[in-house]
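User: I have a structure open here and would like to talk it through with you. Can we begin with how far to trust it?

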Amino acid sequence: MATAPRFQFTEGTPQYRTYKLIGYGILLLLVLVVAFAYNDTGSITLFDNDYKVSITRVTKAISFIIAILGLQVVAGFTGQLSLGQGFFFGVGAYLSAWLVSDHNWPWLLTLVVIIPTCFIFGMAFGIPALRIKGLYLALVTLGLAAILPSLILLDKLEPYTAGAAGKQTDSDLVPPGWLPLDGIVDALHKLPLVGSYFGDGDGLSSREEQRVWTFFIMTIVAVVCFKMVGNLIKSRPGRAIRAVRDNETSAAVNGIGLAYHKTMSFGVASALGGVGGMVYVAELGIASPGDFTQLLSILFIVGLVVGGVGTLSGAVIGGLVIAFVPDWASSTQNFPGVPERWLQGPTGGLILGLMLIVLTFVLPGGIVAGVRRLRARFVRVNPARPPLLTTGDPTTNALADSATVDAASVND
Amino acid sequence: MALLEVNDIEVRFGGIVALSGLTFDIEEGQICGLIGPNGAGKTTMFNVISRIYDPTHGTLNFSGRNLLKTPPHQIAKAGIFRTFQNLALWPRMSVIENVMAGAHVRSKENFGTAMLNIGRKKEEKQLATEAFSILHDLGLEHVAFNQCAGLPYGTLKRIELARCLIGRPKLLMLDEPATGLTHSEVDLLSEVITGIRDRYDLTILLVEHHMGLVMGISENVVVLDFGRKIAEGLPVEVQENPAVVEAYLGVPAS
């Protein structure tokens with residue numbers, strides 16, 4: 001058995017709050033660094049390979065992250081394997097593209113339409129889940145994902161979806177004039193030591209400014225989504241869906257309506273898929289049918305599993321992985337110890353596939369599980385002990401009356 | 001009027017008759033033991049009351065309400081909670097979350113309010129307090145934040161009991177609570193059962209093989225054999241009933 005972790009915190013204490021604050025501070029710092037350091041297409045060089053890192057790709061990752069967050073709700077927490085997330089991603093993407101380019105709606109306002117639409121579609125879609133389980137449900141949902149590209153290409157819908165050419169949007173998210181993004185990047189550039197990483201000192205072009213601004217907005221959208229799902233999980237309905245996942249019979253016996261919770265969970269997941277689609281189009285500027293095939297749904301599942309099923313942070317990692325790793329894998333042309341000719345040509349799929357296989361064996365709970373195991377060596381968070389019910393409590397209920405006798409005598 | 005009225009219940013699985021013509025009442029505040037040899041239909045009866053199985057015939061009334069018209073997930077709302085023979089906890093949730101989820105029918109947050117954080121914290125705090133108090137009551141506070149997976153069997157049984165208690169049941173159904181417990185744990189269990197009955201104002205229906213436990217705490221015992229009721233009455237009466245002796249020990253060879 002390993003020795004006790006170096007740092008121990010109890011929830012609710014000032015030390016714990018400081019620990020949390022440091023964690024969030026680091027995250028915020030990361031966001032700012034990404035925004036200002038990689039606003040132009042940057043790259044990391046490792047073993048003579050150029051790994052592209054650009055803010056546009058990070059924004060794309062955010063769209064995947066939100067979609068995978070939805071999958072966490074339905075597959076990770078409710079235990080319903082849905083391969084249809086790509087469908088809702090596509091619906092969200094096309095709805096927002098249509099509203100923005102044909103009706104001049106601002107991007108964020110399209111969520112008002114996307115969320116209810118995807119939610120209702122998703123709930124309807126959850127109905128098969130009431131009858132079928134496991135692989136069969138996966139198959140049915142995969143069918144839905146397969147329908148979307150052909151749906152987009154329908155003649156009747158072509159005026160709205162622009163068919164095979166893809167729906168262009170020329171509206172960008174323009175940062176407000178009062179926000180000195182240009183000044184910030186200049187100030188960062190003047191920093192000693194690290195300054196040279198922040199741009200080339202000529203400020204931001206309006207295109208770059210828009211990229212940074214889009215990234216910020218979408219980060220906020222993602223944070224709101226995460227906060228909401230986090231709230232959901234730590235609440236009555238959240239426990240209910242996890243109970244449904246773990247044991248349906250005992251969930252029903254304890255008064256949890258299986259049908260209601262499954263369909264609602266599908267609804268929430270699908271709405272998140274739609275939000276992800278909006279982010280995707282807002283970043284890319286075009287929605288084309290080839291982007292929303294079954295492959296996308298499978299990719300989301302890959303992200304879900306690689307990140308860690310049933311964890312919120314797993315969605316972040318999963319989204320980043322599916323946005324970057326396939327591309328990075330194909331940019332890997334040299335690796336120490338591996339003959340160069342092995343890595344020539346289309347090896348991207350090979351590397352990605354090998355990585356998935358190895359990861360499944362090495363870290364069965366996903367990357368998050370590995371990180372948590374590592375962290376547990378250094379930090380342990382002890383949950384705060386809730387108070388016991390006491391007689392003095394005005395909210396005392398029938399249950400409390402009986403519990404109090406023991407509680408009082410033992411506690412004081 | 002009795003709290004639970006079981007009237008002429010029959011359950012068939014294909015050609016097999018699991019229960020037939022079963023009639024008994026449970027009075028309010030009573031501990032009723034349901035016993036019988038293996039395969040007598042005890043657990044089937046439990047599953048009928050918790051609406052996992054539909055009876056082919058008969059009626060079931062719970063404080064004047066027709067249970068057979070109540071959907072399964074409304075049974076808990078009506079005030080009937082149960083434990084399972086082979087444990088049905090939610091292994092990937094912590095112990096205290098298991099218990100808090102047991103209060104599902106008594107708490108109010110829904111998907112909308114929970115996501116928007118309306119009243120969520122207050123309810124969470126209240127539920128955590130109640131759950132922790134019950135765990136404390138059952139001597140489980142030291143495992144409150146553990147995952148269920150990996151805890152000893154006896155502990156898990158008590159967690160299941162705690163999960164029922166937080167729902168404030170009127171009728172608590174215990175399916176073989178003594179299985180897998182050691183001798184001293186069984187003694188403790190009978191104290192726990194009578195204790196919670198008095199403290200939480202419960203009516204208890206108990207299925208159990210451990211005769212010492214059933215005879216020690218039951219006020220009424222119903223004996224099943226091959227899906228039929230063969231005896232009912234006070235523990236002492238039942239013990240001397242020749243039909244019961246025969247069901248358990250067989251007929252003496254003559």
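Analyst: This is a predicted model, and for chain B the pLDDT averages 88, with 100% of the residues scoring at least 70.

User: Where in chain B is confidence lowest, and where is it highest?

Analyst: The lowest mean, 83, belongs to helix H10 (residues 242-249) of chain B, whereas helix H3 (residues 95-102) of chain B has the highest, at 93.

User: OK, on to the interface. How much area do chain B and chain A bury between them?

Analyst: Chain B and chain A bury about 4,300 Å² between them, and 64% of that is on carbon and sulfur atoms. Of the area that chain B buries against chain A, 21% is supplied by B:His104, B:Phe111 and B:Met115, which is more than any other three residues give. In terms of contacts, 52 residues of chain B meet 43 residues of chain A.

User: And how many salt bridges across it?

Analyst: The rule finds four across the interface of chain B and chain A. A:Arg239 also forms a salt bridge with B:Glu124, where the closest N and O atoms are 3.0 Å apart.

User: Switching topic, what does B:Gly58 touch beyond its sequence neighbours?

Analyst: Leaving aside neighbours within four places in sequence, B:Gly58 is in contact with B:Asn7, B:Asp8, B:Ile9 and B:Leu68. B:Gly58 lies in strand S4 (residues 57-62) of chain B.

User: Why does B:Gly58 count as partly exposed and not buried?

Analyst: Its relative accessible area is 22%, and B:Gly58 is therefore not under the 20% that buried requires.

Notes. Residues are numbered from 1 along each chain as its sequence is written. Chains are lettered from A and ligands numbered from 1 in the order in which they are written. This is a predicted model: local features need pLDDT of at least 70, side-chain atom pairs count only at pLDDT 80 or more; totals for chains, interfaces and linings use all residues. Side-chain values use heavy atoms; hydrogens and water are left out. pLDDT is the predictor's confidence in each residue, from 0 to 100. Helices (H or I, at least four residues) and strands (E, at least two) are DSSP runs, numbered from the N terminus. Buried means under 20% relative accessible area, exposed over 50%, partly exposed in between (1.4 Å probe, protein chains only). Contact means heavy atoms within 4.5 Å. Buried area is the accessible area (1.4 Å probe) that two parts lose on being put together, summed over both. A salt bridge is a side-chain nitrogen of Lys or Arg within 4 Å of a carboxyl oxygen of Asp or Glu.
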